[in-house]
Amino acid sequence: MSEPKNEVDVIVIGGGAVGTSAAYHLSKGGKKVVLCEKGNLAGGASGRCGGMVVHCYGRELNIDKTDQRLMYTRANTQIMKEYAESFEIDFEFRQVGCLDIAITEQEFEELENLVDIQRSLGDEEIELLDKKQTLAVMPNLNAHLITGSRLRPSDGNLNPFKLTRAQALEASKLGAEIRTHAPVKEILLSNGAVQGVQLQDSVIEAPFVVNATNAWAGQLIPDLEIIPVRELAMVSECLPPLPPQPFEMLCLGDFAYGATQTASGNYNLGGPGPPKPPAYDYYDERIYPDEVFRVMSYIGVVFPGLAEVSVIRSWVGTFAFTPDGLPSIGPMPGYKGLVVIAGFTDGMSWAAISGKLAAEYICDGRTSLPIASLDPGRFIGRPKTHWPQPYDLTVCHDFLTGRFKP
Ligand SMILES: Cc1cc2nc3c(=O)[nH]c(=O)nc-3n(C[C@H](O)[C@H](O)[C@H](O)COP(=O)(O)OP(=O)(O)OC[C@H]3O[C@@H](n4cnc5c(N)ncnc54)[C@H](O)[C@@H]3O)c2cc1C
């Protein structure tokens with residue numbers, strides 16, 4: 001008797017929020033799917049992130065990109081709502097709004113411009129709050145310091161670990177096989193067409209492979225221009241109830257966020273650490289005391305009530321950034337059968353829709369939203385981006401918007 005063939009319709013590489021979304025939507029579309037994750041589900045950025053869902057994250061005053069972001073992130077929210085109605089696992093999606101806090105007058109003007117742009121694109125619900133209105137929403141802010149904020153009531157947060165699990169569970173109910181501790185060594189090609197993947201000691205054959213490894217995506221496809229960005233997260237001791245809205249802010253030029261307060265009162269906060277040395281390893285998972293101290297010290301200035309709280313645990317994770325700040329979604333030019341969904345900085349606002357778009361492309365050959373501008377091959381042939389060294393998320397954003405000051 002011959003050996004049974006290890007053969008499926010689609011192999012998804014990566015078991016984060018994005019990969020499990022692809023596995024779910026592909027299975028729903030009738031495909032036989034295997035998902036290969038090198039560690040545990042949500043072992044990458046998805047199990048380490050704040051879980052904020054922000055439709056128009058960042059401060060880039062670019063009307064086309066804002067328009068695109070809104071189109072995808074609104075569609076993402078719509079799918080999350082459908083998930084919340086039908087999925088077995090409650091992934092704690094709460095649309096409680098998110099505050100983008102301005103410290104300086106100049107930042108407040110930037111937010112004002114951003115709100116104008118969003119409104120001109122039909123984002124009716126976006127609000128610009130002055131100082132008094134901001135303090136009414138978040139009374140624990142330093143009234144002497146802040147100038148105002150931007151609030152979008154349908155932003156919010158979710159439990160990213162549970163979202164990943166929830167999608168994986170629904171995918172398995174539809175027949176998907178989820179293989180953990182199954183690192184993909186190589187995507188196998190013949191005459192430019194995908195044949196399958198090479199695992200440690202076996203091969204899986206398939207005509208389609210989806211690369212959903214985000215920060216690691218370029219390791220499997222060298223033509224893909226994606227850089228890894230490392231960020232710190234912390235959880236505080238139990239605190240009395242705080243305002244439910246997550247926040248993000250730039251403080252002394254550094255990005256910081258406060259995401260979710262758990263039912264037991266622990267608060268999840270984070271931001272990039274201090275500048276890194278040249279040739280730094282952005283996949284470094286060690287924690288350095290000075291980075292925890294630095295992020296907490298500026299959060300403590302903006303939220304005086306948080307200045308004395310104890311951080312009981314901290315960790316880091318690595319996510320991705322691209323040369324135009326938008327993710328890559330779609331077929332990889334030059335590789336027949338290879339689909340990329342990677343390059344996510346704010347993956348919670350994209351996970352559901354990107355998996356759905358990849359599935360539509362593979363199952364139907366067309367997508368319900370246009371994906372041409374997210375073409376994973378759009379940087380090929382252009383001079384490679386020389387990111388400032390060292391960099392972090394704030395530096396990457398400033399670099400793209402021309403605000404970077406070495
Ligand atoms: C501290 C921190 C805070 C964040 N806060 C937020 C937030 O509040 N809101 C938000 O939207 N985003 C946030 N992010 C970003 C967000 O986490 C990511 O954008 C998102 O998780 C990307 O999901 P993903 O599934 O694409 O990637 P990941 O979750 O990183 O999944 C990729 C998976 O691929 C696996 N993999 C890699 N190589 C291979 C291989 N060769 N074979 C098999 N498997 C492989 C990895 O192990 C990993 O599990 C934060 C990130 C961090 C680190």
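This is a predicted model: local features need pLDDT of at least 70, side-chain atom pairs count only at pLDDT 80 or more; totals for chains, interfaces and linings use all residues.

Author: Let's start at A42, which counts as buried because its relative accessibility is 6% (buried means under 20% relative accessible area, exposed means over 50%, and partly exposed is in between, using a 1.4 Å probe and protein chains only). Residues are numbered from 1 along each chain as its sequence is written, and side-chain values use heavy atoms, with hydrogens and water left out.

So where does A42 sit? Look in the loop between β2 and β3 (52-53). Helices (H or I, at least four residues) and strands (E, at least two) are DSSP runs, numbered from the N terminus. The backbone is what makes A42 worth a stop: its phi is near 60 degrees, a positive value in a residue other than glycine. For background, most residues other than glycine have a negative phi, and most peptide bonds are trans.

You'll find N214 in the loop between β12 (208-211) and α6 (217-220), and N214 counts as buried because its relative accessibility is 15%. There is a cis peptide bond to look at as well, from Q389 to P390, with omega near -10 degrees. P390 is in the loop between α8 and α9.

Now zoom out. The protein has nine helices and 19 strands. Its radius of gyration is 21 Å, close to the 22 Å that the globule rule gives for 406 residues, so the protein is as compact as a globular protein of that length. That radius is taken over C-alpha atoms, and the rule is 2.2 Å times the number of residues to the power 0.38. Along its principal axes, the C-alpha trace spans about 75 × 45 × 45 Å. Buried residues make up 57% of the 406 residues.

What's packed inside? The largest nonpolar core has 45 residues, of which L26, Y83, F91, V210 and I341 touch the most other members. Such a core is a set of buried Ala, Val, Leu, Ile, Met, Phe, Trp, Tyr and Cys residues joined through side-chain atoms within 4.5 Å. Two or more residues come from each of β1 (10-13), α1 (17-28), β2 (33-36), α2 (63-86), α5 (160-173), β19 (338-342) and α8 (351-364). The largest share, seven residues, is from α8. A second, separate core holds 26 residues, including I103, A256, Y267 and V295.

Across the protein, among contacts between residues at least 6 apart in sequence, 74% join residues at least 24 apart.

Not counting residues up to four places away in sequence, G258 touches M52, P246, F247, Y267, N268 and L269. G258 and G271 are 13 residues apart in sequence, and 8.9 Å apart in space, C-alpha to C-alpha.

K32 has a relative accessible area of 49%, so it is partly exposed. With residues up to four places away in sequence not counted, K32 touches E7, V8, D9 and V10. K32 and G175 are 143 residues apart in sequence, yet their C-alpha atoms are 7.0 Å apart in space.

Last stop: G402, in the segment after α9 (393-400). G402 is exposed because its relative accessible area is 61%. The C-alpha atoms of G402 and E88, which are 314 residues apart along the chain, are separated by 45 Å.

Definitions and conventions
Contact means heavy atoms within 4.5 Å.
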